[in-house]
Amino acid sequence: MKTAQEYIESMRRMRFHLYMFGEKIADHVDHPMIRPAMNCVAATYELAEEASYPQYRELMTATSHLTGKRINRFTHIHQSTEDLVSKSKMGRILGAHTGSCFQRCVGMDALNALSMVTHDIDEKHGTGYNKRFLEYLRYVQDEDLVCNGAMTDSKGDRSRHPADQADPDQYLHVVGEKPGGIIVRGCKMHQTGAVNSHEVICMPTRAMREEDKDYAVSFALPGDTEGIIYIYGRQPCDTRKTESPGLDTGNILYGGQECMVVFDDLFVPWERVFMYREHEFAGDLVEKFAAYHRQSYACKSGMGDVLIGASQLIGEYQGTAKASHIREKIVDMIHLNETMMSCSLACAYEGKRQPSGTFFVDALRANVSKLNVTRFPYDIARLAQDIAGGIIATLPSEQDLRHSDIGRHVARYLKGVDGVEVEDRIRILRLIENLTMGAGAACYLAESMHGAGSPMAQRIMIARQTDVEGMKASAKRLCGIEPG
Ligand code: SF4
Ligand code: FE
């Protein structure tokens with residue numbers, strides 16, 4: 001396994017075609033806007049280092065079913081319900097450790113979904129995708145790589161199918177074959193951790209019809225392959241990372257990252273192609289990936305841990321912590337946070353072995369889990385802002401606090417209870433701001449709403465997975481309505 005430091009060094013060797021604020025970025029590793037996000041992914045390596053974190057060995061690592069070697073859990077194919085449970089717990093621990101999106105789940109979820117769907121395609125079509133995929137997986141495990149699981153297309157006119165778009169490139173598709181592989185073109189949106197990843201794994205974004213079969217394609221490539229262009233996404237307050245990174249960012253260590261990723265006539269060798277025009281499996285791959293990724297949102301309970309802790313602290317720093325309504329709000333936050341976590345654990349405990357041997361989460365509970373996540377972080381954030389007070393929206397800057405003339409006024413009038421440093425009060429307020437309306441809110445709120453699919457996608461899956469007929473039969477029997 002790589003150490004966190006080795007991971008950072010491996011990123012230095014990547015030659016991404018990356019743009020931010022209209023400029024090409026050469027040294028992305030040391031860029032102040034990017035480094036906190038890279039530190040976040042580095043934490044997925046750091047917590048797996050047994051010498052530093054022996055308590056996390058079982059959660060952060062697993063035994064490869066291919067090689068028998070100890071590997072990072074983010075590269076593991078789940079072999080039991082215990083593996084699935086460990087995955088949920090790992091997400092919470094990393095969410096609490098970083099207070100951010102640590103970005104590596106998308107690759108893990110793509111690998112696990114492909115381990116099942118490549119097997120199922122082979123069963124039907126006699127293809128050799130699963131063997132090819134397992135060779136790729138062995139490479140990912142041996143090198144301890146980060147994979148960017150890329151699903152969401154730009155989608156153009158949402159009322160039209162992929163093949164019916166005015167611009168045929170609004171969904172990533174195959175545009176031709178060359179000796180040894182295929183040519184692809186299109187764009188994947190909102191790609192979490194895109195330029196913190198060694199590899200990119202593309203998958204279709206929706207179910208496909210026969211007419212859409214050029215869009216039913218899945219493949220993997222090194223992230224810095226010629227022809228892949230990354231355009232860095234903005235977040236609220238993002239330039240604070242350059243203006244006053246030590247205080248006003250709120251989270252001074254970590255952050256998230258999303259990019260628009262353009263695939264500009266890219267060659268993919270056959271050995272990296274895992275689905276090619278088998279359109280009837282596109283929807284299945286989407287549902288499998290989505291269910292795994294909806295489980296992964298245990299990360300938000302970890303971020304919730306940070307926000308609850310920050311809210312309790314600001315109550316203590318401002319002298320409100322003992323008020324009964326503040327205590328009640330803290331308990332309400334804990335209740336919401338644990339409800340999210342309970343669902344992620346439930347879908348893991350109810351997971352079952354699939355024909356490929358991979359363990360898959362219970363899809364109904366995975367979707368219930370994520371539907372909770374589209375709401376509860378907003379409720380928790382609301383309570384945190386309530387407890388913090390209006391000061392989270394009006395705090396002067398770090399520069400004013402440190403100013404030779406006016407700094408004393410800032411320090412004096414921001415004083416809370418005796419014995420608490422003014423700067424500590426500001427730090428906690430900035431952290432609450434970060435998570436509820438700053439850069440961290442991109443992860444904690446908007447990503448909770450739309451990541452792994454927007455709420456309606458979960459409602460559709462919940463309706464499909466539930467035996468409402470069985471429920472009707474129970475109701476009829478109890479009140480004496482004749483069956484049939
Ligand atoms: Fe993982 Fe959560 Fe980030 Fe998604 S939002 S990649 S589940 S940490
Ligand atoms: Fe995401």
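**Close-up 1. Helices H11 and H17 cross with a left-handed sense.** This view, like the others, comes from a predicted model. H11 covers residues 363-373 and H17 covers residues 455-465. Their axes lie 9 Å apart and meet at an angle of about 150°. Angles over 145 degrees count as roughly antiparallel, so H11 runs roughly antiparallel to H17.

**Close-up 2. Residues in the contact of H11 with H17.** H11 contributes Ala-363, Leu-364, Asn-367, Val-368, Lys-370 and Leu-371. From H17 come Pro-455, Ala-457, Gln-458, Arg-459, Met-461, Ile-462 and Gln-465. Eight of the contact residues are nonpolar, three are polar and two are charged.

**Close-up 3. An open sheet of six strands.** The strand order is S2-S1-S10-S11-S7-S6, and the pairing is mixed. Strand S2 (23-24) and strand S6 (173-178) form the edges, each pairing on one side only.

**Close-up 4. The pairing of S6 with S7.** Strand S7 spans residues 181-192. S6 and S7 are antiparallel and share five bridges. Gly-176 has Ile-183 of S7 as its bridge partner.

**Close-up 5. Ala-96 and its contacts.** Ala-96 sits in helix H4 (residues 81-98). Its relative accessible area is 32%, so Ala-96 is partly exposed. Leaving aside residues up to four places away in sequence, Ala-96 touches Gly-302, Met-303, Asp-305 and Val-306. Lys-300 is 204 residues away along the chain, yet the C-alpha atoms of Ala-96 and Lys-300 are separated by 8.5 Å.

Note on methods:
Residues are numbered from 1 along each chain as its sequence is written. Chains are lettered from A and ligands numbered from 1 in the order in which they are written. This is a predicted model: local features need pLDDT of at least 70, side-chain atom pairs count only at pLDDT 80 or more; totals for chains, interfaces and linings use all residues. Side-chain values use heavy atoms; hydrogens and water are left out. Axes are lines fitted to C-alpha atoms, for helices over the stretch in contact, and angles run from 0 to 180 degrees between N-to-C directions. Helices (H or I, at least four residues) and strands (E, at least two) are DSSP runs, numbered from the N terminus. Angles under 35 degrees count as roughly parallel, over 145 as roughly antiparallel, 65 to 115 as roughly perpendicular and the rest as oblique. A crossing is left-handed if the near helix is turned anticlockwise from the far one by less than a right angle, and right-handed if clockwise. Contact means heavy atoms within 4.5 Å. Ala, Val, Leu, Ile, Met, Phe, Trp, Tyr, Cys and Pro count as nonpolar, Asp, Glu, Lys and Arg as charged, and the others, Gly among them, as polar. Two strands pair if DSSP finds at least two bridges between them. Buried means under 20% relative accessible area, exposed over 50%, partly exposed in between (1.4 Å probe, protein chains only).
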